[in-house]
Amino acid sequence: MTEVRRATPEDVPAMAAVLNGWIDGTDWFPRVFAPEELEGFIRDAVPLREVWVAGDPVCAYLSCNAEAGQVVALYSSVTGQGVGKALMDKAKEGREALWLTTHVPNVAAQRFYRREGFREVSRHMPEPPETVEEMRMEWAR
């Protein structure tokens, strides 16, 4: 099983590298924010949210707004190794429901979320500067 632990401020550069790697490797997703800005967003989120990391070195992370029951971010630099599932299992612990948004073109993420019990409830255009249509998905125990 993949080890999952609470993120620390020292993990921020690795989490930013995972996110920036995903953006740079995803041809349908435009870069809206500079890598340094994204690292700053992650740094600001760590003390405010439940943020979990997996791997040594860190290869994936999940950020959860506990009050809203929202998975705000789930990014991994590896696939098919159970890392995303381990992070999602941690997010589900002690909760009756979660929701998230994913990008409509990201069919691989949608397959994963459906396997995890999420279902599509709506689609919408995000607030600028984001430009890629999003899908809201919800999970309930």
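What percentage of the 141 residues in the protein do buried residues make up?

1. Buried residues account for 44% of the 141 residues. The model under review is a predicted one. Its accessible surface comes to about 7800 Å², and carbon and sulfur atoms hold 52% of that area.

2. On overall form, the radius of gyration is 14 Å, which agrees with the value near 14 Å for a compact globule of 141 residues. The C-alpha atoms fill a box of roughly 35 × 35 × 30 Å along the principal axes. Of the contacts between residues at least 6 apart in sequence, 57% join residues at least 24 apart.

3. The protein has four helices and seven strands, arranged along the sequence as β-α-α-β-β-β-α-β-α-β-β.

4. Strand 7 (residues 134–140) runs antiparallel to strand 5 (residues 97–103), to which seven bridges join it; here Leu 100 has Met 137 as its bridge partner. Strand 7 is also antiparallel to strand 6 (residues 119–124), with five bridges between them, and Arg 119 is the bridge partner of Glu 138.

5. The largest nonpolar core contains 24 residues, and Leu 62, Leu 87, Met 88, Leu 98, Tyr 113 and Phe 118 have the most contacts inside it. Elements giving two or more residues to this core include strand 5, helix 4 (107–115) and strand 7. Helix 3 gives the most, with five residues.

6. Beyond its neighbours within four places in sequence, Tyr 113 contacts Leu 74, Met 88, Leu 100, Thr 102, Phe 118 and Met 137. A second, separate core has 19 residues, among them Met 15, Ala 16, Phe 29 and Val 58.

Technical notes. Residues numbered from 1 in each chain as written. Predicted model: local features only at pLDDT ≥ 70, side-chain atom pairs only at ≥ 80, totals over all residues. Heavy atoms only, no water. Pairing = 2+ DSSP bridges. Core = buried A, V, L, I, M, F, W, Y, C linked by side-chain atoms within 4.5 Å. Buried < 20%, exposed > 50% of the residue type's maximum accessible area, 1.4 Å probe, protein only. Contact = heavy atoms within 4.5 Å. Rg over C-alpha atoms; globule rule 2.2 N^0.38 Å. Areas by Shrake-Rupley, 256 points an atom, 1.4 Å probe, with all protein chains shown as cover.
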